[in-house]
Amino acid sequence: MAKRQNSNLPLSEALNEFIKENKLQKGMDKVDAREAWANLMGNGVNNYTTGVELKNETLFVSLSSSVLREELSLGKTKIIAMINEELGRELVKKLVLR
């Protein structure tokens, strides 16, 4: 069992320390990327989104509409920039629409 520290920590710092110590950052990044996609794209695109997955700085998005997939492929660089801005760091470098 870890030794208890008597110093007071804000909850956000304690959670960040826990994530770092247990090497959970990759899993948190996957969840954050999924939430960023849902927040930025809105209901219109989310209704046709069947899956969002982050693997090695590449965001894979599965869509059920080929027309929507073609429309979104025209603005891939803008979507990547918006997602990274939402996340607050350069997490996504490539976007693959399926």
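Modeller: Let us begin with a pocket lining: the residues of the lining of the second largest pocket divide into 2 nonpolar, 1 polar and 5 charged. Please keep in mind throughout that this is a predicted model.

Colleague: Which residues line the second largest pocket?

Modeller: The lining is made up of Lys26, Asp29, Lys30, Leu54, Lys55, Asn56, Glu57 and Leu91. Two elements, α2 and β1, each give two or more residues to this lining. The largest share, 3 residues, is that of α2. As for its size, the second largest pocket has a volume of about 180 Å³.

Colleague: Asn56 is part of that lining. Where does Asn56 lie, and is Asn56 buried or exposed?

Modeller: A relative accessible area over 50% counts as exposed. Asn56 has a value of 71% and is therefore exposed. Its place is the loop between β1 and β2. The backbone of Asn56 also deserves attention, for its phi is positive, about 50°, although Asn56 is not a glycine.

Colleague: Which phi does Lys23 have, and where does Lys23 lie?

Modeller: Lys23 is not a glycine either, yet it has a positive phi of about 55°. It belongs to the loop between α1 (11–21) and α2. With a relative accessible area of 75%, Lys23 is exposed.

Colleague: What does Trp37 touch, leaving out residues up to four places away in sequence?

Modeller: On that basis, Trp37 touches Val45, Asn46, Thr49, Val52, Leu59, Val61, Leu72, Ile79, Ile83, Leu95 and Leu97.

Colleague: Is Thr58 buried or exposed, and with which residues is Thr58 in contact?

Modeller: The cut-off for buried is under 20% relative accessible area. Thr58 has 13% and so counts as buried. This residue is placed in strand β2. Apart from neighbours within four places in sequence, Thr58 is in contact with Glu53, Lys94 and Val96.

Colleague: Where does Ser65 lie, and what is found 3.2 Å from a polar atom of its side chain?

Modeller: Ser65 sits in the loop between β2 (58–63) and α3 (66–73). Its relative accessible area is 17%, so Ser65 is buried. At 3.2 Å from a polar atom of the Ser65 side chain lies the backbone nitrogen of Leu68.

Colleague: Finally, what does the side chain of Lys76 reach?

Modeller: The side chain of Lys76 reaches the backbone oxygen of Leu95, at 3.4 Å. Lys76 is a residue of helix α4, and at 30% relative accessibility it counts as partly exposed. Beyond residues up to four places away in sequence, Lys76 touches Leu95 and Leu97.

Colleague: How many residues apart in sequence are Lys76 and Gln25, and what is the C-alpha to C-alpha distance?

Modeller: Lys76 and Gln25 are 51 residues apart in sequence, and their C-alpha atoms are 25 Å apart in space.

Definitions and conventions: Residues are numbered from 1 along each chain as its sequence is written. This is a predicted model: local features need pLDDT of at least 70, side-chain atom pairs count only at pLDDT 80 or more; totals for chains, interfaces and linings use all residues. Side-chain values use heavy atoms; hydrogens and water are left out. Helices (H or I, at least four residues) and strands (E, at least two) are DSSP runs, numbered from the N terminus. Buried means under 20% relative accessible area, exposed over 50%, partly exposed in between (1.4 Å probe, protein chains only). A polar contact is a pair of N or O atoms within 3.5 Å; within protein, one must be able to donate a hydrogen and the other to accept it, and residues adjacent in sequence count only if both atoms are side-chain atoms. Contact means heavy atoms within 4.5 Å. On a 1 Å grid over the protein atoms alone, a cavity is a set of points where a 1.4 Å probe fits but cannot get out, and a pocket is an open set with protein on both sides within 12 Å along at least five of seven lines; lining residues have an atom within 4 Å of a point. Grid points are joined across faces, edges and corners, and a volume is the space filled by probe spheres set on the points. Ala, Val, Leu, Ile, Met, Phe, Trp, Tyr, Cys and Pro count as nonpolar, Asp, Glu, Lys and Arg as charged, and the others, Gly among them, as polar.
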